[in-house]
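User: I have a protein model to go through. Please take my questions one at a time.

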Amino acid sequence: MIDQRQRRNPLRWALLLLLVGIVVSLAEPIPQLKFQAQRLVELLVAVGLLAWSYRPQPVGALGHKPLSGWYGLGLLGLTAMALLSGAAGPLPWISLGFLGLLLLQFSLLPLLRDAWQHHTGDTIRLLALFSLALLGIDVGLWLLDHLHRVAPYMWVQRLGPDGQIASAPYLFLNPRWANQLTVLLIWTFIPLLQQLQRGVIRHRRWFWWLVAIGVPWLGMAQVVLSQGDGAFVAISLGTATLAVLGLQSGPAQRRLCWWSVAALLSGALLGALLSGGVDGGQFFGLLVDRNAAELTPAAPETDKRLVLWSAYARSVLAHPWLGQGIAAIPPGSPACTPHNLWLALLQGTGLIGSVAAALLATAFVPRRVQHLRQMAPFALPLLAALFVYQLVDDLWLRPLSLAVLLLVLPGLSAAKAAEPLGRDPAWLSRWALSLKSWRLLALVGLLLITISAVHPSGVGFGPSPLVQASARGACLLLF
């Protein structure tokens, strides 16, 4: 039975809503409609959590300041620069919608931090269970597609024996979007494993052991089967970081790290065996060649990282201070995004906006090395993997990735060794906003999204003729 305290956990219901929405989106075969359904799910989760923040609370609770002034200064600075760059750029109303999304997501983080702190154990178990379900669905669909000789992650229609046109179910529009969820979720088994080792879980331990083993195994299988080179490199670095952390920790933490590394390595071995049986081991055999091809000179219309980065770098040099507004695509870019977080920020919000965006990391990245051991056990490998992965991909613009980020990042913040606000300089402490202020900013973000959605030149339904790549035409607006 679920006790009353766990029922009050908003993250429990947010994860349930997200999973149900993802499963329902399986029923929609048309790619554009599936994308819009997943975008709607992302916004419903965020709006639901914002509504939860308006629940009756004790007197003075909303005056609590959960984060340092650096975070408040970062979000307000990014907001100001994104507003200026959008107004001066070619996509003012679309940029306004993306600005609203930034405000909504990052203003909810301080509000959800307390929820993580009060329901840590319950949220850890449910997050691991959510990861197992989502990764299991994706790997299962991939194997079924391969068995029936259908290309995974594509809308494929076939004429059935009864003369009706049938299409195979798929969850993500391409393998990169699937890899993004894996990079975020594969580490959720680590705090669950910690609960099992400490004896926190006393009932149905066999079930939770299966979950703790299944998440890394399914995650590595998904990366290998979908040939996710960037995800594999990022997870490998995260695993190495976990091993180094184990070397420098006490006995209990070391045992957790070693078990976690063993689970990830055994998952990689399982993925290698699957790859060998399915495609002759092409993933590992061609790993170096595929990545080298991305960084070699290519034709301007080729969708390679070097071509993309060059096009965005030229735009950054042409507009270094203000940028062109979020979602603007520079001339000569063959794809809709640069597949690099920092180039996207520089292109969209300029140098000042990018510096402000970096300050947001103070909510979940420790300022001092000695604080690393005090973080959540999955925080360090996740942050290491995200740092690498964001150099070659951009999960910050995908609806399901953003929805998962909204739920995961406050967990890193909740376990972070926070420094007392009194250590901030006087000029900085005024930017340490209260929960009431964060709630108001999240509401403003929702208002900006609504204005952009109803404006004819804003983030409406489907691709926008205002946002085009040279080799692909109009692009889906990615949130």
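Analyst: Helices (H or I, at least four residues) and strands (E, at least two) are DSSP runs, numbered from the N terminus. By that rule the protein has 19 helices and 4 strands. This is a predicted model: local features need pLDDT of at least 70, side-chain atom pairs count only at pLDDT 80 or more, and totals for chains, interfaces and linings use all residues. Residues are numbered from 1 along each chain as its sequence is written, and side-chain values use heavy atoms, with hydrogens and water left out.

User: What is the mean pLDDT of the protein?
Analyst: pLDDT is the predictor's confidence in each residue, from 0 to 100. In this protein 89% of the residues reach 70 or more. The mean pLDDT is 87.

User: What percentage of the residues in the protein is buried?
Analyst: Buried means under 20% relative accessible area, exposed over 50%, and partly exposed in between (1.4 Å probe, protein chains only). The protein has 479 residues. The buried share is 54%.

User: Is glutamate 42 buried or exposed?
Analyst: Glutamate 42 lies in helix α3 (residues 31-52). Leaving aside neighbours within four places in sequence, glutamate 42 is in contact with Leu101, Gln105, Pro399, Leu402, Ala403 and Phe479. Its relative accessibility is 1%, so glutamate 42 counts as buried.

User: How many Å lie between glutamate 42 and leucine 406, C-alpha to C-alpha?
Analyst: In sequence, glutamate 42 and leucine 406 are 364 residues apart. In space, C-alpha to C-alpha, the separation is 9.4 Å.

User: Which residues does threonine 79 touch, not counting those up to four places away in sequence?
Analyst: Threonine 79 is found in helix α4 (residues 69-88). At 16% relative accessibility, threonine 79 counts as buried. The residues it touches are Leu99 and Leu103.

User: Which cysteine is joined to cysteine 336 by a disulfide?
Analyst: A disulfide is a covalent bond between the sulfur atoms of two cysteines. Here it is taken as a pair of cysteine sulfur atoms within 2.5 Å. A search of the whole structure finds 1 disulfide. With S to S at 2.0 Å, the partner is cysteine 475.

User: How many residues apart in sequence are the parts that this pair ties together?
Analyst: Cysteine 336 lies in the loop between α14 (305-318) and α15 (341-359). Cysteine 475 is in strand β4 (residues 473-475), so the pair ties together parts separated in sequence by 139 residues.

User: Is the link of cysteine 336 and cysteine 475 left-handed or right-handed?
Analyst: Both cysteine 336 and cysteine 475 are buried. The angle about the S-S bond is -85 degrees, and the link is left-handed.

User: What is the volume of the largest cavity?
Analyst: On a 1 Å grid over the protein atoms alone, a cavity is a set of points where a 1.4 Å probe fits but cannot get out, and a pocket is an open set with protein on both sides within 12 Å along at least five of seven lines; lining residues have an atom within 4 Å of a point. Grid points are joined across faces, edges and corners, and a volume is the space filled by probe spheres set on the points. The structure holds 4 cavities of 30 Å³ or more. The largest has about 180 Å³.

User: Which residues lie nearest the centre of the largest cavity?
Analyst: The largest share of its lining, 3 residues, comes from α15. The lining has 20 residues in total. Nearest the centre are Ala327, Ala328, Cys336, Thr337 and Leu397.

User: Which element gives the most to the lining of the second largest pocket?
Analyst: About 780 Å³ of space lies in this pocket. Of its 33 lining residues, the closest to the centre are Phe106, Leu341, Ala361, Phe364 and Gln390. Elements giving two or more residues are α5 (92-118), α15, α16 (379-389) and α17 (399-415). With 6 residues, the top contributor is α5.

User: How many residues in the lining of the second largest pocket are nonpolar?
Analyst: Ala, Val, Leu, Ile, Met, Phe, Trp, Tyr, Cys and Pro count as nonpolar, Asp, Glu, Lys and Arg as charged, and the others, Gly among them, as polar. The lining has no charged residues and 2 polar ones. The nonpolar count is 31.

User: Where does arginine 204 lie?
Analyst: Most residues other than glycine have a negative phi. Arginine 204 has a positive phi of about 55 degrees. It is exposed, with a relative accessible area of 61%. Its place is the loop between α8 (189-198) and α9 (205-225).

Definitions and conventions:
Contact means heavy atoms within 4.5 Å.
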